[in-house]
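Take a look at the sequence and the model before reading on.

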Amino acid sequence: MRAWLEMAARLERQEARNRRCGARTRAGTPCRAQGSGRGNRCKNHGGLCTGARSAEGRARIAAAQRKRWAAWRAQRARNEEIA
Ligand SMILES: [Zn+2]
């Protein structure tokens, strides 16, 4: 009985370590690969991506994001004029 409890506890700990990726696949089902990377995603779903790491790279991405949002706001303003 005691041995069984120890086994269950060990399985639980293992479960916490081996999280499934859970990203939605193209088939619409959750990804069953082991997701231990960034955000508990597997290597196929962004788990290996570290994002921009240098200060320069982060600044470049921030600038690109600001540009995209500015374009989006301009587009929305045009749409509201029409409506
Ligand atoms: Zn995955």
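The expected span of a helix is 1.5 Å times one less than its number of residues. Helices here are DSSP runs of H or I with at least four residues, strands are runs of E with at least two, and both are numbered from the N terminus. This is a predicted model, in which local features need pLDDT of at least 70, side-chain atom pairs count only at pLDDT 80 or more, and totals for chains, interfaces and linings use all residues. Residues are numbered from 1 along each chain as its sequence is written.

**Overall picture**

The protein chain has 2 helices and 0 strands. α1 covers 2–17 and α2 covers 55–82, with a loop between them. α2 has 28 residues, so at 1.5 Å a residue it should span 40 Å. Its end C-alpha atoms are 41 Å apart, which agrees.

A residue is buried if 20 or more other C-beta atoms lie within 10 Å of its own, exposed if 12 or fewer, and partly exposed in between; C-beta atoms are placed from the backbone. Of the 83 residues of the protein chain, 6% count as buried.

Two residues are in contact if their C-beta atoms, placed from the backbone, lie within 7 Å. Take the contacts in the protein chain between residues at least 6 apart in sequence: 2% of them join residues at least 24 apart.

**Inside the loop**

Which residues does cysteine 21 touch, leaving out those up to four places away in sequence? They are Cys31, Ala33, Gln34, Gly35, Asn40, Arg41, Cys42 and His45. Cysteine 21 sits in the loop between α1 and α2. It counts as buried because it has 23 C-beta neighbours inside 10 Å.

Glycine 35 is also placed in the loop between α1 and α2. It is buried, because 22 other C-beta atoms lie within 10 Å. Beyond its neighbours within four places in sequence, glycine 35 has contacts that include Arg19, Arg20, Cys21 and Gly47.

Is threonine 50 buried or exposed? Threonine 50 counts as exposed, because it has 7 C-beta neighbours inside 10 Å. This residue too lies in the loop between α1 and α2.

| Pair | Apart in sequence | C-alpha to C-alpha |
|---|---|---|
| Cysteine 21 and lysine 43 | 22 residues | 9.0 Å |
| Glycine 35 and alanine 23 | 12 residues | 9.1 Å |
| Threonine 50 and glycine 37 | 13 residues | 9.4 Å |
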